[in-house]
Amino acid sequence: MSQSLLIVGQNKIKAKKEALKIAKEFSSSFDTLVFDTAESKGIEMVRELIINSFRKPFNSKLVTLIIIEADKLTSEAQNSLLKILEEPPKETQLILTTQNRNKLLPTVTSR
């Protein structure tokens with residue numbers, strides 16, 4: 001099982017549905033958190049995600065953190081994601097969605 005996953009090429013609604021479908025394999029709805037860049041694109045959102053990544057699952061195998069349209073994050077926010085993408089906590093799964101992987105920083109897509 002991969003601890004981080006990138007879903008590419010679907011519209012926002014389909015990508016979110018696919019991410020939630022994948023999340024259900026290992027995480028309950030209590031242990032699945034969705035971060036939508038339509039609400040926040042900055043480093044504050046990524047800081048909140050990082051804090052939640054160290055949470056223990058409530059009643060699941062993993063905590064799943066989903067970023068919808070990760071390509072819309074600021075460069076600063078994408079850079080702050082790198083450490084958690086490289087070494088996610090043991091009980092955390094990260095799922096990022098984007099319509100175009102080329103809009104993400106190359107360092108993010110390589111993780």
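Around helix α1 of this predicted model, the elements that cover the buried residues include β1 (4–8), β2 (32–36), β3 and β4.

**Helix α1**

- Helix α1 runs over residues 12–24, and at 1.5 Å a residue its 13 residues should span 18 Å, which agrees with the 18 Å that separates its end C-alpha atoms.
- The buried residues of α1 are A15, A19, I22 and A23, and because they fall within an arc of 100 degrees when seen down the helix axis, they line one face of the helix.
- On the face turned away from that buried side, α1 carries the exposed residues I13, K14, K17, K21 and K24.
- At the start of the helix, the backbone nitrogen of I13 has a side-chain oxygen of N11 within 3.0 Å.

**Strand β3**

- Strand β3 is largely enclosed by the rest of the structure, because six of its six residues are buried.
- In a regular strand, side chains alternate between the two faces of the sheet.
- In β3 both faces are covered, with V63, L65 and I67 buried on one side and T64, I66 and I68 buried on the other.
- Strand β3 pairs with β2 in the parallel sense, over five bridges, and I68 in β3 is the bridge partner of D36.

- Nonpolar side chains tend to be buried together in soluble globular proteins.
- The largest nonpolar core here has 18 residues, and those with the most contacts inside it are L49, I67, L73, L81, L94 and L96.
- Two or more residues of this core come from each of α2 (43–53), β3 (63–68), α3 (75–86) and β4 (92–98), and α3 gives the most, with five residues.
- Apart from this core lies another, of eight residues, which has A19, A23, I66 and I68 among them; A19 and A23 are also buried residues of α1, while I66 and I68 are buried on one side of β3.
- In α2, the buried residues are I43, M45, V46, L49, N52 and S53, and what covers the buried residues of this helix includes β2, β3, α3 and β4.

- Although E69 is not a glycine, it has a positive phi of about 55 degrees.
- When neighbours within four places in sequence are left aside, E69 is in contact with K12, T37, T97 and Q99.
- Not counting residues up to four places away in sequence, E18 touches I7 and Q10.
- Between E18 and T97 there are 9.3 Å in space, C-alpha to C-alpha, although the two are 79 residues apart in sequence; T97 is also one of the residues in contact with E69.

Key. Residues numbered from 1 in each chain as written. Predicted model: local features only at pLDDT ≥ 70, side-chain atom pairs only at ≥ 80, totals over all residues. Heavy atoms only, no water. Core = buried A, V, L, I, M, F, W, Y, C linked by side-chain atoms within 4.5 Å. Buried < 20%, exposed > 50% of the residue type's maximum accessible area, 1.4 Å probe, protein only. Helix = DSSP H or I, 4+ residues; strand = E, 2+ residues; numbered from the N terminus. Expected span 1.5 Å × (residues − 1). Arc of directions from axis to C-beta. Contact = heavy atoms within 4.5 Å. Polar contact = N/O pair within 3.5 Å; in protein donor to acceptor, adjacent residues only side chain to side chain. Pairing = 2+ DSSP bridges.
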